[in-house]
Amino acid sequence: MAKMNPYLNFDGKAEEAFTFYKSVFGTEFDGPIHRIGDTPGLDGITEEEKKRVMHVSLPIGGGDVLMASDTVPSMGHKLVVGNNNYISLHPTSREEADKLFNGL
């Protein structure tokens, strides 16, 4: 059966959020954090936008991976907080559930 990997969007806070998630789940990023500025041919974006996250992924256990990127306002991206992004966690024990709940 296929697994669903949630993908979240942030308005310039993806790295901050994923650094926090990393501390809660106790795992490491699945590869480097890719930046908007690493992409060739993106003329007209601001220096701040170049530092934004194009892609980050974090294994969270059981083969599940949480992924994210930041919006790029100068390209017309607009984040609407609460726009149907949900995460469903399925811990394997009460202890793990309590640890995650208390950490988050």
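Is L104 buried or exposed? I looked this up at the outset: L104 is exposed, at a relative accessible area of 52%. I take buried as under 20% relative accessible area, exposed as over 50%, and partly exposed as in between, with a 1.4 Å probe and protein chains only.

I note that this is a predicted model, in which local features need pLDDT of at least 70 and side-chain atom pairs count only at pLDDT 80 or more, while totals for chains, interfaces and linings use all residues. Residues are numbered from 1 along each chain as its sequence is written, and side-chain values use heavy atoms, with hydrogens and water left out.

Entry on the sheet. I traced an open sheet of four strands in the order β1-β4-β3-β2, with mixed pairing. β1 and β2 (34–35) are the edge strands, each with a single partner, so one side of each has no neighbour in the sheet. Strands here are DSSP runs of E of at least two residues, and helices are runs of H or I of at least four, numbered from the N terminus. Two strands pair if DSSP finds at least two bridges between them.

I then went through the pairs. β1 and β4 run parallel and are joined by four bridges; the partner of L8 in β4 is A68. β3 and β4 run antiparallel, with five bridges, and P59 stands opposite V65 in β4. Their hairpin has two residues between the strands, and G62 there takes a positive phi near 65 degrees. β2 and β3 are antiparallel over two bridges, with R35 opposite V53 in β3.

Entry on the core. I examined the largest nonpolar core, which has 17 residues; F10, F18, Y21, V56 and L58 touch the most other members. Such a core is a set of buried Ala, Val, Leu, Ile, Met, Phe, Trp, Tyr and Cys residues joined through side-chain atoms within 4.5 Å. β1 (7–10), α1 (14–25), β3 (53–61) and β4 (64–70) each supply at least two of its residues. The largest share, six residues, comes from α1.

I listed the contacts of F18 (heavy atoms within 4.5 Å). F18 touches F10, F29, V56, L58, L66, M67 and A68, leaving aside residues up to four places away in sequence. I also checked the cover of β4: six of its seven residues are buried.

Entry on the segment of L104. I placed L104 in the segment after α3 (94–103).
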